[in-house]
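Keep the structure open beside you as you read.

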Amino acid sequence: MRRRELLALITSTAALRPLARAAAQQPRVPTIGVLVVGSPGSEKFWRLFRQSMRELGYLEGQNVRYEFRSDEGQASRLPDLAAELVRLKVDLIVPWFTPATRAAKQATSDIPIVMAMTGNPVETGLVASLARPGGNVTGISNMGSEMAGKCVELTREMLPSARRLVALANAPDPFSKPFLERVRLGGDATGMTIDPILIHAPEELDAAFAAMAKEPPDAVIVQPSLPTKRAAELALQYRIPAVSFVRAIVEEGALMTFGVVEADVYRRVAVFVDKVLKGAKPADLPVEQPTRFELVINLKTAKALGLTVPPAFLARADEVIE
């Protein structure tokens with residue numbers, strides 16, 4: 001090598017050393033995998049969760065990255081999507097709804113998982129207990145089965161003449177079992193007959209409502225992991241009052257919902273994520289349950305169905321959609 005070339009090589013190498021040191025000193029940006037069931041309510045979760053993360057100082061593209069995956073209404077895709085997040089070596093997974101949480105847990109026992117709006121995680125085998133979750137899963141339980149039972153009671157109060165209620169359950173969702181059990185208990189407590197219908201695939205929803213129309217029930221309660229927008233549309237089409245316990249469905253045309261204040265839940269999910277990213281272990285973080293709930297009535301839908309909501313019941317609503 002010529003002397004001039006040797007000097008140029010030494011000079012360029014020396015100039016690159018500070019850049020290499022600076023790159024080595026750059027803090028690693030954590031990547032959060034987000035896995036959701038393709039219900040319309042997932043859009044609200046995604047928006048509010050990122051907003052809550054920003055409030056905690058996590059700015060997308062600067063000190064946090066997201067890998068967002070939705071099953072787009074096809075629950076059978078969840079295992080592959082969860083496996084994809086694992087292959088990407090994300091630092092943490094945030095699943096929305098029970099089927100997504102189950103898929104994430106089956107895909108990894110190492111990557112921390114923070115549940116968002118997951119129903120009955122103990123009964124569905126996702127955690128050992130609320131106080132001591134164990135393993136790699138913690139987060140928020142949405143008390144879904146309790147809300148389902150309460151919805152049955154509120155339906156009877158809102159519609160005093162109601163005697164028969166259909167429970168639309170999402171068969172592939174492990175939460176469907178505690179959901180149906182609480183609905184049944186609610187029926188026993190209120191003297192209403194409960195007819196369960198298991199939906200195995202989204203395309204079965206239309207046929208289920210068409211079958212209901214032959215002998216219309218007084219109301220239908222919809223499990224939230226089903227396509228709630230379509231369920232609300234069909235309920236209006238067949239003039240069947242629909243209720244549930246996630247807010248999205250009442251905004252889409254259902255008659256009533258009673259459930260958690262979702263903004264509170266997603267804010268707490270962000271707090272869990274922050275703790276885990278700072279070194280906390282999911283096994284040591286007790287699962288939390290919501291403390292605030294809201295009753296929302298769609299008065300526009302009530303009028304379209306020719307229903308009169310008792311004034312005393314209407315006065316109890318936290319919000320009325322007109």
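This is a predicted model: local features need pLDDT of at least 70, side-chain atom pairs count only at pLDDT 80 or more; totals for chains, interfaces and linings use all residues.

Residues are numbered from 1 along each chain as its sequence is written, and side-chain values use heavy atoms, with hydrogens and water left out.

Two packed helices are described by the angle between their axes and the distance between the axes. Helices here are DSSP runs (H or I, at least four residues), numbered from the N terminus. Their axes are lines fitted to C-alpha atoms over the stretch in contact, with angles running from 0 to 180 degrees between N-to-C directions.

Begin with H3 (residues 78-87) and H4 (residues 98-107), whose axes lie 8 Å apart at an angle of about 50°. That angle makes H3 oblique to H4; angles under 35 degrees count as roughly parallel, over 145 as roughly antiparallel, 65 to 115 as roughly perpendicular and the rest as oblique. On the H3 side, Leu 78, Pro 79, Ala 82, Ala 83 and Val 86 make the contact, and H4 brings Pro 99, Ala 100, Ala 103, Ala 104 and Ala 107 (contact means heavy atoms within 4.5 Å). By class, this contact has 10 nonpolar, no polar and no charged residues. In these classes, Ala, Val, Leu, Ile, Met, Phe, Trp, Tyr, Cys and Pro are nonpolar, Asp, Glu, Lys and Arg are charged, and the others, Gly among them, are polar.

Further along, H5 (residues 144-158) packs on H6 (residues 176-190) at about 30°, their axes 8 Å apart. H5 is therefore roughly parallel to H6, and the crossing is right-handed. Among the residues that meet here are Glu 146, Val 152 and Arg 156 in H5 and Phe 179, Arg 182 and Val 183 in H6. By class, the contact of H5 with H6 has five nonpolar, five polar and four charged residues.

The axes of H7 (residues 204-212) and H8 (residues 228-237) come within 10 Å and cross at roughly 25°, which makes H7 roughly parallel to H8. Leu 205, Asp 206 and Phe 209 of H7 touch Arg 230, Ala 231, Leu 234 and Ala 235 of H8. This contact has five nonpolar, no polar and two charged residues.

On a 1 Å grid over the protein atoms alone, a cavity is a set of points where a 1.4 Å probe fits but cannot get out, and a pocket is an open set with protein on both sides within 12 Å along at least five of seven lines; lining residues have an atom within 4 Å of a point. Grid points are joined across faces, edges and corners, and a volume is the space filled by probe spheres set on the points.

The largest pocket has a volume of about 210 Å³. Its lining has 18 residues, with Gly 73, Gln 74, Ala 75, Asn 170 and Pro 202 nearest its centre. The largest cavity holds about 70 Å³, and its lining includes Pro 99, Asp 173 and Phe 245.

Key: Helices (H or I, at least four residues) and strands (E, at least two) are DSSP runs, numbered from the N terminus. A crossing is left-handed if the near helix is turned anticlockwise from the far one by less than a right angle, and right-handed if clockwise.
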